[in-house]
Amino acid sequence: MKPVKRKSAVDSPVKPPVKHRKTRQTRTAGGGFVDKLHAYRDHHAHALFSSLGRLVTTPFTSIMTIAVLAISISLASGFYITVINIQQLTANLENSNQISLFLKDDVSNETANHLTATIRKNPSVQAVKIITKEQALVEFKAYSGFGEAIDVLDKNPLPIVLQVLPKNTLQDKQELEALFKTVKNLNEVDYTQIDMQWVERLQSIVEVARFGTVLFSVMIGLGVLFIIGNTIRLELHSRRDEVMISKLIGATNAFIRRPLLYTGFWIGFISGVSAWFIVAILMLILREPVEKLSGLYEGDLHLIFLGFIDTLALLLASSLLGVFSSWAALLFQLRHTRPE
Amino acid sequence: MLKFDNVSKRYPETGDVLHNVSFHLQQGEIAFLTGHSGAGKTTLLKLIAVMERCTRGEIFLDGQQLSHVKQRHLPFLRRKMGFIYQDYKLLTDRTVFDNVALPLAIAGFSHAEIKRRVRASLDKVGLLGQERKFPQALSGGEQQRVGIARAVVNKPPLIIADEPTGNLDPELSAEIMLLFEQFQQVGVTVLIASHDISLISRMNHRVLKLDHGQLIL
């Protein structure tokens, strides 16, 4: 062992009492506001990176926790993006106030053509398209997948359909109703359907689903809150010695809390990023089947991915959840830590 | 500097551990606290650190009453004391530098100032150049000196040592004691709990002897 160096009292780190006072004031408190600020910033930066470092030193535990959180968060955001996609679908359909007239079975093509011409004369009508029994059959065989089944029937069961497209200017619901009544009462018409009706129904279903997403997200958020809170509680427990020693050296609760708040932030943030990737991968897998399905319905449905704002919101929400749940857990835990 | 005024500490399970203890340590004084185990040495030190609060009486540090300090003021009060433990209480996952730097980081010093002071403090205890090592790579005596460096790095006016030489051989113990005397010379008050009678008798300092919770003068 090296001999302990003897130094004169002046060189000693412990200065004489009178001087001591002075140095304390100038260096600790009065060392300039800027110095203090820099020290504070350094300390935060250190806490930020050391807390990440600590997560890396226990990879197994960290990965387990983050996986659970990422899957939970991806469930919520997956549900959200599904609703967004369905909403987009209904938004596309919003303008389709088309009326379909299913003609009676005994109506001939000729009569139907006459009828078409008559309806065209109506000032509220923009266009009328006739789909004959034969056309309907071809279309049905092509897209429904029941082509063979229909071949078994000795007679084409499909009716003639007139697709009446009202004028675009016809925004007023009452005028639409009036047109609807006129065509409905025509002798040749068997059954009338406004596409609008089922669009409205679909929209109200989506509305319910949206509300469901909010409730679901709140539940997931609560789950995340408890998982992170508990993780931080365990982390505090594993750092018990450090907390004890720091407290005896004069650490405030804020000092002890800081690195753990950053740990919470990292857990939340990394889980958010992982959740984003999970959703993105699931959407990539779903893209092809969805577009095939969309093709079947002549729709132009393209999958919407999580947008920039959505991604930002996801990361912000998960990070904030991380910080907040750590804060809440520590508030409770530190109050019960001895020594005071 | 440190004044005990008729201090008693009673635990519900064991009764009075300290009974009417009164003494006054002047600034720049060294005192030994001795007594058989269970005499109340540890309890007395815990009262100074406000790890426990006394049942009766008053403790003053620098004129400040300890028994009624609010919890939020405690950290700042503790920064006036440097604690040294028999088992060193070093953070094993941090380097020597980080261990010694902890009180400064807590007090909010800038990085440059921390570096300067830690080096000065390690130099004082003869461990300059060992900053990057982890405590477990050091011998017992060296670890204790890291503990001392940590206790004095913030220049506290009071140093409390709980059996600082308990795990060290006589030669190392003597060196540690010399360090304490150097701190005393620059005006620091030092209170050392020890039952090493031969060491105490060799050094000519005030002795506070506890027996069953009472101070024998």
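Author: Helices here are DSSP runs of H or I with at least four residues, strands are DSSP runs of E with at least two, and both are numbered from the N terminus. By that rule Asp98(B) has its place in helix α3 of chain B, residues 96-107. The structure is a predicted model, in which local features need pLDDT of at least 70 and side-chain atom pairs count only at pLDDT 80 or more, while totals for chains, interfaces and linings use all residues. Residues are numbered from 1 along each chain as its sequence is written, and chains are lettered from A and ligands numbered from 1 in the order in which they are written.

Reader: Why is Asp98(B) called partly exposed?

Author: The term rests on a count of other C-beta atoms, placed from the backbone, within 10 Å of the residue's own: 20 or more make it buried, 12 or fewer exposed, and anything in between partly exposed. Asp98(B) has 19 such atoms, so it is partly exposed.

Reader: What makes His302(A) exposed?

Author: His302(A) has 12 other C-beta atoms within 10 Å, and it is therefore exposed. Its place is in the loop between α10 and α11 (308-335) of chain A, and its C-alpha atom is separated by 25 Å from that of Leu315(A), 13 residues away along the chain.

Reader: How do you know that strand β3 of chain B is largely enclosed?

Author: Of its 5 residues, 30-34, 4 are buried, so the rest of the structure largely encloses it.

Reader: Which strands does β3(B) pair with in the parallel sense?

Author: Two strands are said to pair if DSSP finds at least two bridges between them. β3(B) has 4 bridges to strand β8 (residues 189-193) of chain B, where Ala31(B) stands opposite Leu191(B). With strand β9 (residues 206-211) of chain B there are again 4 bridges, and here Thr34(B) stands opposite Lys209(B).

Reader: How many residues lie between β9(B) and β10(B) in their hairpin?

Author: The hairpin has 2 residues between its strands, and His212(B) in the turn has a positive phi of about 50°. The strands run antiparallel, and 3 bridges join β9(B) to strand β10 (residues 214-216); Asp211(B) stands opposite Gln214(B) in β10(B).

Reader: What makes β2 and β5 of chain B edge strands?

Author: Chain B has an open sheet of 4 strands in the order β2-β1-β4-β5, with antiparallel pairing. β2 (15-25) and β5 (64-65) are its edges, as each pairs on one side only. β5(B) has 2 bridges to strand β4 (residues 56-61) of chain B, and Phe60(B) stands opposite Gln65(B) in β5(B).

Reader: How do you know whether the size of chain B agrees with that of a compact globule?

Author: The radius of gyration is taken over C-alpha atoms, and the globule rule is 2.2 Å times the number of residues to the power 0.38. For 217 residues this gives a value near 17 Å, and chain B has 17 Å, so the two agree. Of these 217 residues, 45% count as buried.

Reader: Which residues touch the most other members of the largest nonpolar core?

Author: A nonpolar core is a set of buried Ala, Val, Leu, Ile, Met, Phe, Trp, Tyr and Cys residues joined through C-beta atoms within 7 Å. In the largest, of 99 residues, Ala149(B) and Ile159(B) touch the most other members, while the largest share, 13 residues, comes from helix α10 (residues 253-296) of chain A. A contact likewise requires C-beta atoms, placed from the backbone, within 7 Å. Beyond its neighbours within four places in sequence, Ile159(B) has contacts that include Gly82(B), Phe183(B) and Val190(B).

Reader: Where in chain A is confidence lowest?

Author: pLDDT is the predictor's confidence in each residue, from 0 to 100. Chain A averages 81, and 85% of its residues score at least 70, but helix α1 (residues 17-29) has the lowest mean, 40, against the highest, 93, in α11(A). Over residues 1-30 of chain A the pLDDT is below 50, although this stretch has 47 contacts in the model beyond near neighbours in sequence. Where pLDDT is low, predicted coordinates should not be read in detail.

Definitions and conventions:
Two residues are in contact if their C-beta atoms, placed from the backbone, lie within 7 Å.
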